[in-house]
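Good morning, everyone, and thank you for making time for this. I would like to walk you slowly through one structure, going from the whole chain down to a few individual side chains.

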Amino acid sequence: MSLRVNLANHFAIGFHEEWRRRQGLLGKNLLKLFYKDCLRQGVDIVGVASEEAKPIIRGSVDDRFGWLIRHCVPELTRDGEYSFLEIDGNTFGLFKRGEGAVTFVNAQTIQAKYPDVRGTTMKVLVFGGYYFENGLPLKETLKRIALDRCLVIAENQFSEGIHSLEARAIRELVSLYDAMVVHDAQQGKKTNEYAKSLSQEISLPGVAIGNQHSPSRCKAGIIVPERSAIRNSTSDLVISLRDILGKKAHDIDSSYENPFTKLRWGFSIQIGH
């Protein structure tokens, strides 16, 4: 048996009221929709990814993981149809009888700087926690994430190829990463090919992410042995995934987002729903 893991799904452009209105999500239970999306995608474990240029404050609308718990769980579990299990502060499970269970994990895309605070912006995906500060030097950022025992993943931003400054930064600091995104369902094929090439060159395990910003059927992610993914706690899950990735005991689903889905949320940004 195996599990499908999507390490990063934003689910919406933003959880603010205006963004939800633009995407036709206002008045709907986002966690219920998120859960059903995961079931359609066959996803068992999903990273609820937050990303903001400003600091993310626990309890704010930018705290997507926490927002889903505070604003969606009470309504969803009121009549007993859905069961909610808070595993710890960074992981919870949602289950509906006859449909299955999905594990939701805290995640964040951080914007760091290389080679220093005046340098180019480098994106780092954190799986297993967040509230990390943006704008710090990349090396300092990576060390801080590691201290918090989260997965440290290099985001795919290689549109200028494997000889870009971004690629140089990852080569230099490769020992501080656990993995690299070699397939982002929202990126073009050329960019993904660059990332895969760099991953192979520096022997950094490759992963795939859906990176969705709207409800989606895209199945991109990694497929891991069920017996190896321990979900007793966030820490256990991170340790087991790091071990799986290090041994390259996983497969990659390289699905791409439906072009019409991408267009729809793109129009939502430009003109509203």
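Let me start with the contacts: of those in the protein with a separation of 6 or more, 68% are made by residues 24 or more positions apart. Please keep in mind that what you see is a predicted model.

As for the overall build, the protein has eight helices and 11 strands, and its C-alpha atoms fill a box of roughly 55 × 45 × 35 Å along the principal axes. For 273 residues, a compact globule would have a radius of gyration near 19 Å, and the protein, with 18 Å, agrees with that. Buried residues make up 52% of the 273 residues, while the accessible surface comes to about 12400 Å², with 50% of this area belonging to carbon and sulfur atoms.

Now to the aromatic side chains. A pair of aromatic rings is described by the distance of the centres and the angle of the planes. In this protein the count comes to seven aromatic pairs. One of them is formed by Phe15 and Trp67, a tilted pair with 5.2 Å from centre to centre and 55° between the planes. Phe15 lies in the loop between β1 (2-9) and α1 (17-22), whereas Trp67 belongs to helix α3 (residues 64-77), so this pair ties together parts that are 52 residues apart in sequence. Both Phe15 and Trp67 are buried.

A further tilted pair consists of Phe65 and Phe92, at 5.3 Å centre to centre and with 45° between the planes. Here, too, distant parts of the chain are linked, since Phe65 sits in helix α3 and Phe92 in strand β4 (residues 91-96), 27 residues apart.

Finally, let us turn to Ala107, in strand β5 (residues 100-114). Is Ala107 buried or exposed? With a relative accessible area of 0%, Ala107 is buried. Leaving aside residues up to four places away in sequence, Ala107 touches several others, among them Leu7, Gly47, Val48, Val126, Phe127 and Tyr130. The C-alpha atoms of Ala107 and Leu125 are 7.3 Å apart in space, with the two residues separated by 18 residues in sequence.

That is where I will stop, and I am happy to go back to any part of the picture.

Technical notes: Residues numbered from 1 in each chain as written. Predicted model: local features only at pLDDT ≥ 70, side-chain atom pairs only at ≥ 80, totals over all residues. Heavy atoms only, no water. Phe/Tyr/Trp six-rings, centres within 6.5 Å; stacked < 30°, edge-to-face > 60°. Helix = DSSP H or I, 4+ residues; strand = E, 2+ residues; numbered from the N terminus. Buried < 20%, exposed > 50% of the residue type's maximum accessible area, 1.4 Å probe, protein only. Rg over C-alpha atoms; globule rule 2.2 N^0.38 Å. Contact = heavy atoms within 4.5 Å. Areas by Shrake-Rupley, 256 points an atom, 1.4 Å probe, with all protein chains shown as cover.
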